[in-house]
Amino acid sequence: MSINLFDLTGKTALITGGVHGLGMAMAKGLGHAGAKIVVNDHSSQEAVDHAIAEYKSEGIEAFGYLFDVTDEAAVIAAISKIEAEVGPIDILINNAGIIKRTPIIEMEVADFEAVVKVDLTGPFIVSKNVAKGMITRGGGKIINMCSMMSELGRDSVSAYAAAKGGLKMLTKNMATEWAKFNIQTNGIGPGYFATSQTAPIRVNGHPFNEFIMGRTPAGRWGDPDDLQGAAIFLSSKASDFVNGHIVYVDGGILATIGKPSNED
């Protein structure tokens, strides 16, 4: 019985931006738990095709679609196509996102708005339109990818922090409105993870690497696969009475103020 709580066999999961990185890691976790995987990208069909080939090489049933999460007409058309070709969307992970690292005083309004549009408005658009089908069918799971920046500030990421802080509260409001329809809406907030993007700074002697290693109680960067457990839990029957929470998969960063400089 306890194992069956986490079984996703027969479920269809849409993971936006699931063609690489943390999105792909979570999608693989759901796929190995039995779900059919649908991923999207907005940049190129080549990226979608490459991702689908990787999923299939691991025995995961996967499908890819090219659309922009900030374009509501395109999102509506894609959802209709996915549900006709693959099946009703039971699980949605709003993972697509961007970041622009610019100090507030130097940041152009257009750049600020671009980040908020993808990272906050995008999840609103996709969730709103996927939820309509979930309500009709009597339930579903929505997971919004929040961030450490949903809780903490950091130099040069004002737009990202504003969007991710907003996404935390949007998650809570989605839960408030949709829990009565048996839709569980929650979030995942990753800490600092070992990805291709962080590879250049994950080297001994790099100041940021030393900071993360010292600041994280677990004493290491996260492995992308570390997100799979939280994603499976929040996608499965095991979380049927969990609503409006953000699960921070961060090795304990948010639990501590950190070590004084005179401590080992």
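## Helices H1 and H2

In this predicted model, helix H1 and helix H2 (residues 45–57) have axes that come within 11 Å and cross at roughly 35°. The crossing of H1 past H2 is right-handed. On the H1 side the contact is formed by Gly23, Met24, Ala27 and Lys28, which meet Ala51, Glu54 and Tyr55 of H2. Sorted by class, the residues of this contact are four nonpolar, one polar and two charged.

## Helices H3 and H4

Helix H3 (residues 72–85) and H4 cross at roughly 35°, and their axes come within 9 Å. H3 passes H4 in a right-handed sense.

## Helices H4 and H5

H4 packs against helix H5 (residues 158–178) at an angle of about 15°, and the two axes lie 8 Å apart. Angles under 35 degrees count as roughly parallel, so H4 is roughly parallel to H5. H4 passes H5 in a right-handed crossing.

The H4 side of the contact consists of Phe112, Val115, Val116, Asp119, Leu120, Pro123, Phe124, Ser127, Lys128, Ala131 and Ile135. The H5 side consists of Ser158, Ala159, Tyr160, Ala162, Ala163, Lys164, Gly166, Leu167, Leu170, Met174 and Trp178. By class, 16 residues of the contact between H4 and H5 are nonpolar, three are polar and three are charged.

## The largest pocket

The volume of the largest pocket is about 1300 Å³. Its lining is made up of 41 residues, and those nearest the centre of the pocket are Leu22, Gly97, Ile99, Tyr160 and Gln197. Two or more lining residues come from each of helix H1 (21–32), strand S2 (36–41), H4 and H5. H1 gives the most, with three residues.

In the lining of the largest pocket, 20 residues are nonpolar, 15 are polar and six are charged.

About 250 Å³ is the volume of the second largest pocket. Fifteen residues line this pocket, and Lys11, Gly140, Lys141, Ser235 and Asp240 lie nearest its centre. The lining comprises two nonpolar, seven polar and six charged residues.

## The cavity

The model has one cavity of 30 Å³ or more. The space in the largest cavity is about 30 Å³.

Thr16, Val69, Asn94, Asn95, Ala96, Val118, Gly122, Pro123 and Val126 line the largest cavity. Helix H4 (residues 109–137) gives the most to this lining, with four residues. Five of the lining residues are nonpolar, four are polar and none is charged.

How values were computed:
Residues are numbered from 1 along each chain as its sequence is written. This is a predicted model: local features need pLDDT of at least 70, side-chain atom pairs count only at pLDDT 80 or more; totals for chains, interfaces and linings use all residues. Side-chain values use heavy atoms; hydrogens and water are left out. On a 1 Å grid over the protein atoms alone, a cavity is a set of points where a 1.4 Å probe fits but cannot get out, and a pocket is an open set with protein on both sides within 12 Å along at least five of seven lines; lining residues have an atom within 4 Å of a point. Grid points are joined across faces, edges and corners, and a volume is the space filled by probe spheres set on the points. Ala, Val, Leu, Ile, Met, Phe, Trp, Tyr, Cys and Pro count as nonpolar, Asp, Glu, Lys and Arg as charged, and the others, Gly among them, as polar. Axes are lines fitted to C-alpha atoms, for helices over the stretch in contact, and angles run from 0 to 180 degrees between N-to-C directions. Angles under 35 degrees count as roughly parallel, over 145 as roughly antiparallel, 65 to 115 as roughly perpendicular and the rest as oblique. A crossing is left-handed if the near helix is turned anticlockwise from the far one by less than a right angle, and right-handed if clockwise. Contact means heavy atoms within 4.5 Å.
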